[in-house]
Each structure stands twice: as structure tokens, then as C-alpha cells.
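This briefing is intended for a reader meeting the structure for the first time.

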Amino acid sequence: MSHSQSALSGAAVAAGLQTKRMGQPLHWFDQLTSTNDIAQAFAEAGAPEGTAVLAGEQTGGRGRLGRRWASPPGGLWLSVVLRPSPPATEWPRFGFAASVAATSAIEAVTQIPVRLKWPNDLIVEGRKLGGVLVEATGAYVVVGIGINVNVRRDLLPPEIRPVATSLLEWVGHPVDLVELTQEVLRALERYYQLVQDDPHAVLEQWKVRSVTLGRQVRVIDSAQAFEGVAESVDDQGALIVRTDTGLRRVFASDVSVREPQVPSLD
Ligand code: BT5
């Protein structure tokens, strides 16, 4: 069955979802601040693992390091509560599981090849299609996934337009948001299981799709910047960068990674 974009709603996504955990239950909002904020509130109130929050539009969408995430209507703005055991210590791996899951779902629905930029940017032909925001506390992890699905470029802030893309642009017509959301939740269920059984397997799938490894990168944190070659990602999800003075490990919660000399917004 095909759904129009305007048919995106919790009920439409829940119908025929057939997951055990992910999206059970699913809370739908036409508009909210940030699906991560609301998922956190549900988690604090004891919501079970798999509880999902889905929004038509976010007014306070967030990226990493306090950055803003533009979230106009037509996108997939989704967060899921996870309660991994042991809790939270290895939380970056859930970002890798989520970005690989999102990529796999997008490819299944649209056949558009998606690449991954460390840590969890979804990239099509060098432009940002989406991103993943992982936020952990001792008791739970919230994984937020944002994908520009049927998002028209002119609805994005002007400074983001040159570096962003949407599925609409590549497919040429609106993508079925209900079907894509269901596929993302199903893929998340598979990759969340896999990352607990065999975290290495998920990291390998991330590496296969990586546009970062083997490239010269510029790493920037609040105190400093340096360049090197992105050599690998370790089991903690840290990026290993070879510099003139040796190997350095950097963490997604601390740094931006850019291509040197190429203007970029993050
Ligand atoms: C990310 O952050 O890429 C993670 C984005 C996660 C968004 C989801 S939506 C559902 C859930 N609820 C939330 O509030 N967030 C999550 P980061 O790596 O920090 O990238 C942020 C940068 O991407 C910004 O500084 C802009 O340059 C760029 N950007 C912002 N909005 C964009 C968009 N819609 N499309 C492409 N690029 C964007």
C-alpha cells in the first residue's frame, strides 16, 4: 500500500510495523521541539525500550555539540529509547548501529546509495542527507535519527542549502514516508540486536560505507585544531587519526571533522 506524505502519522506507521520492540509504542506529534527531548521525558517516566517519538516538524531540532538541526515538514524526525545492558558505557556503538540501519532502510526503499561520514552523518554525493544524535544517561540511551526525505531545499536555512540534500532531490518525486519510517524501525531492530551480539560486525558495515577512512581530515575541538589521515575507528567508536606526531583518538562528543581547505558548515 502506498501512502502520501500527508498521511504520515503514528497510526499509519504503527499499522503493519511488525517489530517486537522498536516503535512499540510509537508516539506521534505534528510538531514538537525535539524528538530527543520528548523521548528522554518518556524514558525518565519509565517508558520501555523501543518507545519511539516521531514528529512531522521540529522547532528545536538538535545536532551534536549544541548545533541546530533544521527539521521542516517532510523529513523523518525520529527518536527511540534504548535500555541496553550493561547501560550506556558503550553508547557510541548505538550511533553506528543507527546510522547503518538508516542507510540500509534508505537503500531498501529508494535504491539511493548512502555513505557515512564519521561519526554518523548520512551522505549522498558529498552532501548531508541526515544525521544521528545519541544521548546517553546511566539508565537509558536515546537515539535520534534525522533524514531529509521530502524536504525541499528552499525550506532549509540558506546557510545549509549548499551542503545539504534530500531524498526528494535524488528520487525526483516524494518518497513514501510511512514506508521509510517503518523500514528504519525494522532495520534499527536488526542492527540493535546485531550490535549487542557482535559489535564488530556493525562497525565493519559502517567502515564499508565510510567516506572518512583513508582521507585527510581536519579535527577541531573547543581548544585546538589539527590535521591528519583518518586511519580507523576503534571498538569505542573513536576515530584514529595519524598526525605528524603520532596517532590520536578523537571522540564524537568532542570534535568536528572537516575536509581541509574545503568550506564546510560543521
Ligand atoms: C547531526 O549533528 O548530524 C545529528 C542530527 C540529528 C537530528 C535528529 S532529528 C531527530 C532527533 N531529534 C533531534 O533534535 N535531533 C535528532 P551534527 O553532526 O552536529 O550536524 C549538525 C550540522 O548539520 C549543522 O551545524 C548544520 O551544518 C547541518 N544541518 C543542520 N540541519 C540540517 C539538515 N536538515 N540537513 C542537512 N544538514 C543539516
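In this predicted model, Ser-34 caps the N-terminal end of helix 2 (35-44), with a side-chain oxygen 3.1 Å from the backbone nitrogen of Asn-36. Ser-34 is also among the residues closest to the ligand.

**Helix 2**

- Thr-35, Asn-36, Ala-39 and Ala-43 are the buried residues of helix 2.
- These residues cover an arc of only 95° around the axis, and therefore lie on the same side of helix 2.
- In an α-helix there are 3.6 residues a turn, so residues three or four places apart point the same way.
- The partners against which the buried residues of helix 2 pack are strand 1 (26-32), strand 2 (52-58), strand 3, strand 6 and strand 7.

**The ligand and its surroundings**

- The ligand is surrounded by 27 residues, of which Ser-34, Arg-62, Arg-64, Arg-67 and Lys-128 are the closest.
- By class, this shell consists of 10 nonpolar, 11 polar and six charged residues.
- At least two residues of the shell come from each of helix 2, strand 3 (76-82), strand 6 (127-136) and strand 7 (141-147).
- Strand 6 gives the most, with four residues.
- An oxygen atom of the ligand lies 2.7 Å from a polar side-chain atom of Ser-34.
- For Gln-58, a polar side-chain atom lies 3.0 Å from a nitrogen atom of the ligand.
- For Asn-148, an N or O atom in the side chain is 2.8 Å from a nitrogen atom of the ligand.
- The ligand taken alone exposes 800 Å², and the protein buries 97% of that.

**Helix 6**

- Within helix 6 (residues 199-208), the buried residues are Val-202, Leu-203 and Trp-206.
- Seen down the axis of helix 6, these buried residues fall within an arc of 100°, so they line one face of the helix.
- The elements they pack against are helix 3 (92-110), strand 4 (115-117), helix 5 (177-197) and strand 9 (225-233).

**Thr-243**

- Thr-243 belongs to strand 10 (residues 239-243).
- Thr-243 counts as buried because its relative accessibility is 12%, where the cut-off for buried is under 20%.
- A polar atom of the Thr-243 side chain lies 2.8 Å from the backbone oxygen of Gly-246.
- Leaving aside residues up to four places away in sequence, Thr-243 touches Phe-226, Glu-227, Gly-228 and Arg-248.

**Cis peptide bonds**

- A cis peptide bond, with omega near 0°, runs from Gln-24 to Pro-25; Pro-25 is in the loop between helix 1 (10-14) and strand 1.
- The peptide bond from Trp-118 to Pro-119 is cis as well, with omega near -5°; Pro-119 is placed in the loop between strand 4 and strand 5 (121-124).

**Positive phi outside glycine**

- Gln-18 is not a glycine, yet has a positive phi of about 55°.
- Gln-18 is located in the loop between helix 1 and strand 1, and counts as exposed at 73% relative accessibility.
- Leu-65, which is not a glycine, has a positive phi of about 55°.
- Leu-65 lies in the loop between strand 2 and strand 3 and is partly exposed, with a relative accessible area of 43%.

Terms used. Residues are numbered from 1 along each chain as its sequence is written. This is a predicted model: local features need pLDDT of at least 70, side-chain atom pairs count only at pLDDT 80 or more; totals for chains, interfaces and linings use all residues. Side-chain values use heavy atoms; hydrogens and water are left out. Buried means under 20% relative accessible area, exposed over 50%, partly exposed in between (1.4 Å probe, protein chains only). The arc is that of the directions from the helix axis to the C-beta atoms. Contact means heavy atoms within 4.5 Å. A residue is near a molecule or strand if one of its heavy atoms lies within 4 Å of it. A polar contact is a pair of N or O atoms within 3.5 Å; within protein, one must be able to donate a hydrogen and the other to accept it, and residues adjacent in sequence count only if both atoms are side-chain atoms. Accessible areas come from the Shrake-Rupley method with a 1.4 Å probe; for residues, only the protein chains shown count as cover. Ala, Val, Leu, Ile, Met, Phe, Trp, Tyr, Cys and Pro count as nonpolar, Asp, Glu, Lys and Arg as charged, and the others, Gly among them, as polar.
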